[in-house]
Amino acid sequence: MVLRRVRTGFFLSSLITACVLSPAIVGAQSGLFGFLTSNSSVSCKPRDRACILDAALDITIKNFESREVPENTRPHAERGGKLLALVPESDQPAVRERWQKAGADEQFLADLTEYQMQAAPTDWITVDVVTTALETQSSPNGTKLSDFLDFAFKALLENDPDGALELFDQHVETIWYKSYSTMAVIFDWMANNHMDAIESYAGEYKLPKSTFYDPRDGLSQAAATLCGRGDTEDGERLLTILERDKQKWQPDRDMQAMDWSRMTTGILACRGEAAALALVDPVLQQMQADLKRAEAIKVDSEREFVMGVIRSRVAESMIQPITLHMMEDNRRDEAMKVFVRLPVQQSTMTLGDVAKGPTAMQFPEQSFNEFLDLHRNDGFYSSDPAKSLTWYVETHDPHASGNLDYEMDAVEIAGKIWQSDISRRAAEKILKTLAEKAEKQPDLHRDDLDLARLQLAGFGKRLQGCDVTDDFLNTILARIPGYKYGEQRSNVLIDYIRYLDTPAATSKTGICLLQ
């Protein structure tokens, strides 16, 4: 996605090619800009990490000082935190001092720490560290406990999954009440990586329910992903968990139709269209009962909100997946009949009694077309990376009016399945598309092209042993002064340093995309 550009008014005609290399990265204040006042400047060589890091720090801090909207500091903290994670630990206090001298307050420094934590290596995250945080209900680095737990469990699940799951089992109630988002992290991981663990949890506890997160969505989607790639046995195991959970519901449970409808995606993929259609009547009947119960809410605004949420959630979870499934087979008439059962779509329709069918909606055809247009790019958001990239390569027209920019998201997805044929084809399309966009709108897309080059080169280096040449790196360094905004320079230099830090595979395999 293309981020909104914030003009800083800070433009350099020469950036990297004249870089003062201070004795220590954080020791000098002149840094990259020393050539403006000093004759003793040297050029950054393409693999001179210290010089380039010094340049990136100078640019990022000066960009913060010259910001046009003083209150808008989070984006600056994000870039600063990513850079701080690249600074040697012994030099980090001095870098923080530079931020303070530039006007950073306590909140900014806290945000800086948060983003640094997200970008830094995770080897310091251990079961003991997280246990202490849970028992004391405070993070070890001063960030919000919920933010730390999200970050920490992602790291533990990757580096020590058994320890993470044991910790989760011991502190499940604390995690639920203190950080529901961490529950999402853990449930999504279990659903895709550890079926026994999630069955064990579901056998002992009810599935958690929150206004902000409900694991039923993730479980249903995980079931669909498993069945979509032929693993119907595990997909059915997840659906069984959902069905057993439903059996535990009390008759007076609020908003049952919402949670029931969440099973549709998994049922559609694992058991077929007929099984999904069999849900429609009973779920809509339950929805009417839920709406009747909601009518007892005395505050008008609250009652209308709750009833609207019930309708829209059932439509999004049940009606819309079935409708889109039929449209994949070009069965428009059948899809339309399903859609009008609960057509929560845009502002061109009016909801009424479901029993009235299409007559309860104004302009049904227009609403249906709006619905299809809204979901025309859904193929990119498949949980299967290969399907996402196939849609990007074979269906997406990057130059069509109104289409979104998917290139940078596609880069990230390509890295997940780097040595596949579809990843290679996607990478080639990404580079071609961004080169064309950079030619037409250089202020918006020239940095995106260089970010994509660096990130794709990083995948090749780490997974294939393909290191790019100094000429490749020099080309990027030479382009950076031409970026319009300071934030663009910071972002590219961050990825440039990350590329330098990327370890190369011990043996070279396959054909290198970039050299």
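What percentage of the 515 residues of the protein count as buried? The figure is 50%, where buried means under 20% relative accessible area, exposed means over 50%, and partly exposed lies in between, with a 1.4 Å probe and protein chains only.

Before the details, the ground rules. This is a predicted model, in which local features need pLDDT of at least 70, side-chain atom pairs count only at pLDDT 80 or more, and totals for chains, interfaces and linings use all residues. Residues are numbered from 1 along each chain as its sequence is written, and side-chain values use heavy atoms, with hydrogens and water left out.

The secondary structure comes to 24 helices and 0 strands. Helices (H or I, at least four residues) and strands (E, at least two) are DSSP runs, numbered from the N terminus. Contact here means heavy atoms within 4.5 Å. Among contacts between residues at least 6 apart in sequence, 68% join residues at least 24 apart.

Let me start with a helix pair at residues 49-65, which is H1, and residues 74-84, which is H2. They pack at an angle of about 160 degrees, with their axes 10 Å apart. Axes are lines fitted to C-alpha atoms, for helices over the stretch in contact, and angles run from 0 to 180 degrees between N-to-C directions. H1 and H2 are therefore roughly antiparallel; angles under 35 degrees count as roughly parallel, over 145 as roughly antiparallel, 65 to 115 as roughly perpendicular and the rest as oblique. On the H1 side the contact is made by Leu53, Ala56, Leu57, Thr60, Asn63 and Phe64, and on the H2 side by His76, Arg79, Gly80 and Leu83. By class that is 5 nonpolar, 4 polar and 1 charged residues. Ala, Val, Leu, Ile, Met, Phe, Trp, Tyr, Cys and Pro count as nonpolar, Asp, Glu, Lys and Arg as charged, and the others, Gly among them, as polar.

Next, H22, residues 442-464. Its axis and that of H20 (residues 407-416) come within 10 Å and cross at roughly 0 degrees. That makes H20 roughly parallel to H22. From H20, Met408, Val411 and Gly415 meet H22 residues including Asp448, Ala452 and Leu456. The residues of this contact divide into 7 nonpolar, 2 polar and 1 charged.

H22 also packs with H21 (residues 421-440), at about 155 degrees and with axes 7 Å apart. H21 and H22 are therefore roughly antiparallel. Asp448, Ala452 and Leu456 are among the H22 residues in this contact, and Ile430, Leu434 and Lys437 are among those from H21. Here the division is 10 nonpolar, 1 polar and 6 charged.

Which residues of H23 are buried? They are Phe472, Leu473, Ile476 and Leu477. They cover an arc of only 135 degrees around the axis, which puts them on the same side of H23; the arc is that of the directions from the helix axis to the C-beta atoms. An α-helix has 3.6 residues a turn, so residues three or four places apart point the same way. On the other side of H23, Asp471 and Ala478 are exposed. The buried residues pack against H22 and H24 (486-501).

Last, H18, residues 364-374, where Ser367, Phe368, Phe371 and Leu372 are buried. They fall within an arc of 140 degrees, so they line one face of H18. What covers them includes H16 (300-328) and H17 (332-339).
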